[in-house]
Amino acid sequence: MTTDFICPCCSGHTYAHCCGPLHRDEQLAATPEALMRSRYSAFALGGLGEYLFRTWADNAPGRPPEDAVMLNVRTVDWQRLDIIQTSVHGAQGMVEFRAWYLEDGFEHVLHERSRFRRSAGRWQYVDGVINPPAMARAGRNDPCPCGSGKKYKKCCADQ
C-alpha cells in the first residue's frame with residue numbers, strides 16, 4: 001500500500017508522516033488529538049480494526065468484544081474531520097470534533113466530545129458524548145466543563 005497520499009485526518013501531512021506510523025505501531029500518539037486523528041483515519045481507511053481495538057481503554061463503556069473484526073468494516077464514507085477543541089490535564093484528555101460523512105447519498109455530521117486517558121504511557125479512547133451541549137463559561141470555583149473533575153481555575157481557565 002502506498003503511503004504518500006494526504007492523510008484522511010485532515011492534518012495536511014502525508015499518511016506516511018502522520019497516522020501511518022501510529023497504525024503500524026511504530027509510534028505512540030503524543031496527545032489525545034493525535035490519537036483522535038489516527039482513530040478517525042482508521043475508520044476512514046477501513047481494515048484497521050485491530051488498531052481501533054488496541055487504542056480503546058480496557059474498561060471503557062461501549063468497548064467492542066475481543067473480536068475486532070467488525071471494526072474493520074467501513075460503514076460510511078468519511079469525508080473530513082474538524083477538531084474544535086482539545087485539552088489535556090495530566091493523564092486525562094478531551095477532544096471535541098466534527099466528522100463529516102456520506103451515507104445513502106446524504107452528508108451527515110458526527111459531533112462528539114471524546115474523553116481519553118493515558119495509561120502505561122499510551123493515550124486511549126474512553127468514551128464520548130455525541131452532540132454535546134455547548135461548553136458553558138464556568139466561574140473560577142465551578143467544576144471545569146471539560147469533565148476533568150477539577151475546579152475551572154485549576155484546569156481550563158489558563159488556556
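**Close-up views of a predicted model**

The largest cavity has a volume of about 80 Å³, where a cavity is a set of points, on a 1 Å grid over the protein atoms alone, at which a 1.4 Å probe fits but cannot get out, and where a volume is the space filled by probe spheres set on grid points joined across faces, edges and corners. The structure is a predicted model, in which local features need pLDDT of at least 70 and side-chain atom pairs count only at pLDDT 80 or more, while totals for chains, interfaces and linings use all residues. Residues are numbered from 1 along each chain as its sequence is written, and side-chain values use heavy atoms, with hydrogens and water left out.

**View 1. The lining of the largest cavity.** A search of the whole structure finds one cavity of 30 Å³ or more. Its lining, meaning residues with an atom within 4 Å of a point, is made up of L22, D25, Q27, L28, A29, L35, Y51, R54, T55, R122, W123 and Q124. These divide into six nonpolar, three polar and three charged residues, with Ala, Val, Leu, Ile, Met, Phe, Trp, Tyr, Cys and Pro counted as nonpolar, Asp, Glu, Lys and Arg as charged, and the others, Gly among them, as polar. Helix 3 (49-54) and strand 4 (122-130) each supply at least two of the lining residues, and strand 4 gives the largest share, three residues; helices (H or I, at least four residues) and strands (E, at least two) are DSSP runs numbered from the N terminus.

**View 2. The largest nonpolar core and F116.** This core, a set of buried Ala, Val, Leu, Ile, Met, Phe, Trp, Tyr and Cys residues joined through side-chain atoms within 4.5 Å, has 32 residues, and those with the most contacts inside it are Y40, W78 and F116. Two or more core residues come from each of helix 2 (32-45), helix 3, strand 1 (77-89), strand 2 (92-103) and strand 4, and helix 2 gives the most, with five. Leaving aside residues up to four places away in sequence, F116 touches P32, L35, M36, A91, Q92, G93, V95, W123, Q124, Y125 and V126, a contact being heavy atoms within 4.5 Å.

**View 3. The largest pocket.** About 520 Å³ of space lies in this pocket, a pocket being an open set of points with protein on both sides within 12 Å along at least five of seven lines. It is lined by 23 residues, of which R39, F43, W78, L110 and E112 are the closest to its centre.

View 4. Because 10 of its 14 residues are buried, helix 2 is largely enclosed by the rest of the structure; buried means under 20% relative accessible area, exposed over 50%, and partly exposed in between (1.4 Å probe, protein chains only). The buried residues are P32, L35, M36, R37, S38, R39, Y40, S41, A42 and A44, and they pack against helix 1 (20-23), helix 3, strand 1, strand 2, strand 3 and strand 4. Helix 2 is followed by G46, whose phi is positive, near 75°.

**View 5. Positive phi in two loop residues.** D25 lies in the loop between helix 1 and helix 2 and has phi near 60°, a positive value in a residue other than glycine. D104, in the loop between strand 2 and strand 3, has phi near 55°. D25 is partly exposed, with a relative accessible area of 39%, whereas D104 is exposed, at 72%.
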